[in-house]
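Today I opened my notebook to look at how the parts of this protein meet. Here is what I looked up, step by step.

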Amino acid sequence: MVDTSPPKPTASDSGPRCLATILTEGREPADLYSVEGSRLYERFAEFDDSEQRELLRRLSRTDGDILELAAGGGRLTLPFLSLGRPVFGIDLSPEMVRILRDRYDHLPASRRRVSLTAEIADMRCFDLQRRFGAIVLATTSVFLLDAGGRQQLFASVKAHLASGGVFLLTVYAAPLRPGATSTRVIPLAGQHPEVVLLSDLVGDDGRTREISALHVARSEEGALDVSSYSSVVFVASEDELDAELAAAGLTRVESIEVGGSADAGALRILGYSA
Ligand SMILES: C[S@@+](CC[C@H](N)C(=O)[O-])C[C@H]1O[C@@H](n2cnc3c(N)ncnc32)[C@H](O)[C@@H]1O
């Protein structure tokens, strides 16, 4: 008998992806960290304070300068200034670094008494010619890199960690199920109604995730304005990360639960020392 029932949707047919295809008339999404993508990312991430409290509490028990990798526009980097120690932030996106410097320049003079150095650099192979009491890689950004990239990253981290320093990185608290999807609708502040649909789609093999942002707005003239952005990231378990970091000479010394919101999902901060 011929099966005439419609095919069952798979992860790659997810609702958000279908919606993006319909609304953008099939245009390929742009890179989430391109110039336009970085600007949009910062508009919806700026007010997200997840991990901030836990990182500040942990960093207050460290000494020396603080380095944030993949710092973006400073969602966490700028709050770190409240610790009163010099903060460094690196990011691969020149637009993110521009936003971070601009936000710092617009802080009240009292907050600018603490120095911030923001540089364009690749977290896989940076050379800042100094060591830090704490190095942070938050927002699960370790998964932006594949296993080869992480190997380079961890060697660079080790080379920049001061004696007694700690490397803090954020991961998901629960393993990601293959095919799982989640979508958040984030309204943006502005004169006209604007939203971002931020979706997270775990690949059918459970080893990659696609983060996509669909920006829907009305133009000045009242026309529908839609653009889409995406970034594919990798998935690794905590055991895999522990083994990779051990190979670089770093040992897990702690694990801090982050009371995630229902939206963002629960996270965990892992701490490593030499
Ligand atoms: C998810 S965003 C996180 C930004 C910021 N930490 C936050 O919490 O808002 C990931 C950031 O990683 C940056 N990035 C991607 N690949 C990178 C690399 N190889 N080296 C440094 N930064 C990178 C992107 O430009 C982006 O700013």
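Entry 1, the domains. I began with the division of the protein, and I found domain 1 at 11-32 + 175-233 and domain 2 at 44-174 + 236-273. I keep in mind that this is a predicted model. Taken over C-alpha atoms, the centres of domain 1 and domain 2 lie 26 Å apart.

Entry 2, the contact. I then asked how many residues of each domain are in contact with the other. On the domain 1 side there are 13, and they meet nine residues of domain 2. I looked up the buried area too: about 960 Å² between domain 1 and domain 2, with 62% of that from carbon and sulfur atoms.

Which residues form a salt bridge here? I found arginine 207 paired with glutamate 240, and their closest N and O atoms are 3.1 Å apart. The count of salt bridges between domain 1 and domain 2 is one. For polar contacts across this interface, I noted two residue pairs, both at pLDDT 80 or more.

Entry 4, the domain 1 side. Next I checked which strands supply the side of domain 1 that touches domain 2: β7 (181-187), β8 (194-202), β9 (208-218) and β10 (224-234) each give at least two residues. The largest share, three residues, comes from β8. Last, I sorted the residues on this side of domain 1 by type, and I wrote down eight nonpolar, one polar and four charged.

Terms used
Residues numbered from 1 in each chain as written. Predicted model: local features only at pLDDT ≥ 70, side-chain atom pairs only at ≥ 80, totals over all residues. Heavy atoms only, no water. Domains from an automatic or database assignment. Contact = heavy atoms within 4.5 Å. Buried area = accessible area lost by both parts, 1.4 Å probe. Salt bridge = Lys/Arg side-chain N within 4 Å of Asp/Glu carboxyl O. Polar contact = N/O pair within 3.5 Å; in protein donor to acceptor, adjacent residues only side chain to side chain. Nonpolar A, V, L, I, M, F, W, Y, C, P; charged D, E, K, R; others polar.
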